[in-house]
Amino acid sequence: MPVRPIRSYLAALGAGLVFGLGLALSQMTDPRKVLGFLDVAGAWDPSLAFVMGGAVGVGLVAFPFILRQPHPVLANRFHLPTNTRWFEPRVLLGAALFGVGWGISGYCPGPALAQLAAPNSETWLFLPALIVGSAIARVINRR
Amino acid sequence: MNFTPYSALIGGLLIGSAASLLLWLDGRIAGISGILSGLLPPASGEAVWRVLFIAGLIGGAALLYAVHGHAPCARADFPGALLIVGGLLVGVGTGLAHGCTSGHGVCGLARRSPRSLVATLTFLLVAVGTTCIVRHVAGIG
């Protein structure tokens, strides 16, 4: 077990904090707002395109600089996905199932977790189901 | 529904900054579905940073709600069954796709990953179609 400096744990906590701030400020945590964006046939609210644009924009600029470093500041190596195949039926099926679940509920995993900060009973139905679904996928993926 | 481009953009910049921080400092991809599912059995190890990131995520939202004095409450007559079915589908789907809105939609696109682009376009288009059917054909929500 490699020794992990306490600072790397603080970094994870801090990054999570900023992420949660961003989700709540952008109203990604409000399923009304999310469904208002997905419902292009209704009174369309394009706000969430600005969330995605801002987040991807920062990443597009910052990631190339970061990944040019020999290693992360507080760790030995970068942990990046190793499978880069762009076409894989299981990934497409998964993305489609995710899209159906997101479209009927208005929640994706980050906002559902962040909503534990709100007095909102919805996430107490959504999150346990999400965890069961993730466990099922883990079993399927190990086959 | 109000159009809120400024708070959306600033929130997006914060999310992108958080993902960049986690990659720069810890070398990890800020994909929430992967961070969460890595805590499930069989444990993939390294549970501490996952738990701390999720704690921070909840804390960050709590902080904003405290400052703002308002948090989104539950929808009055939204069927609980849709939340349960939705949660199951999001869990299975993001597991099979190896990523969600953050892992594929933010970090994957920022890495210029074609795999993530295909996944993101798929879940976005399917979600748009699903929402339109649920709202305008089934008349729910």
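Ala15(A) touches Ala18(B), Leu21(B), Leu22(B), Ala30(B), Phe53(B) and Gly56(B), leaving aside residues up to four places away in sequence. What we are looking at is a predicted model, with an ipTM of 0.97 and a pTM of 0.97. For chain B the average pLDDT is 95, and 98% of the residues score at least 70.

Ala15(A) also leads us to the core. The largest nonpolar core holds 88 residues, and Ala15(A), Phe98(A), Ile15(B), Ala18(B) and Leu22(B) are the ones that touch the most other members. The element that gives the most to this core is helix H1 of chain B, residues 5–26, with twelve residues.

Now to the interface as a whole. On the chain A side, 109 residues are in contact with 99 residues of chain B. Six helices of chain A each supply at least two residues to that side: H1 (6–26), H2 (31–38), H3 (47–67), H4 (89–105), H5 (109–114) and H6 (122–141). H1(A) provides the largest share, 18 residues.

The C-alpha atoms occupy a box of roughly 45 × 35 × 30 Å along the principal axes. Of the 141 residues in this chain, 57% are buried. Taking contacts in chain B between residues at least 6 apart in sequence, 41% join residues at least 24 apart.

H6(B) has 24 residues and reaches 33 Å from its first C-alpha to its last, close to the 34 Å expected at 1.5 Å a residue. Among its buried residues are Arg115(B), Phe123(B), Leu124(B), Val126(B) and Val134(B). The buried residues of H6(B) pack against H2 and H4 of chain A, and also against helix H4 (80–97) and helix H5 (103–110) of chain B. Just after H6(B), Gly139(B) adopts a positive phi of about 75°.

Finally, I return to chain A for one more residue. Leu48(A) sits in helix H3 of chain A. Is Leu48(A) buried or exposed? Leu48(A) counts as buried, because 21 C-beta neighbours lie inside 10 Å, where the threshold is 20 or more. Leaving aside residues up to four places away in sequence, Leu48(A) touches Met28(A), Lys33(A), Val34(A), Phe37(A) and, from the partner chain, Ala8(B). Phe98(A), which we met in the core, is 50 residues from Leu48(A) along the chain, and their C-alpha atoms are separated by 18 Å.

How values were computed: Residues are numbered from 1 along each chain as its sequence is written. Chains are lettered from A and ligands numbered from 1 in the order in which they are written. This is a predicted model: local features need pLDDT of at least 70, side-chain atom pairs count only at pLDDT 80 or more; totals for chains, interfaces and linings use all residues. A nonpolar core is a set of buried Ala, Val, Leu, Ile, Met, Phe, Trp, Tyr and Cys residues joined through C-beta atoms within 7 Å. A residue is buried if 20 or more other C-beta atoms lie within 10 Å of its own, exposed if 12 or fewer, and partly exposed in between; C-beta atoms are placed from the backbone. Helices (H or I, at least four residues) and strands (E, at least two) are DSSP runs, numbered from the N terminus. Two residues are in contact if their C-beta atoms, placed from the backbone, lie within 7 Å. The expected span of a helix is 1.5 Å times one less than its number of residues. pLDDT is the predictor's confidence in each residue, from 0 to 100.
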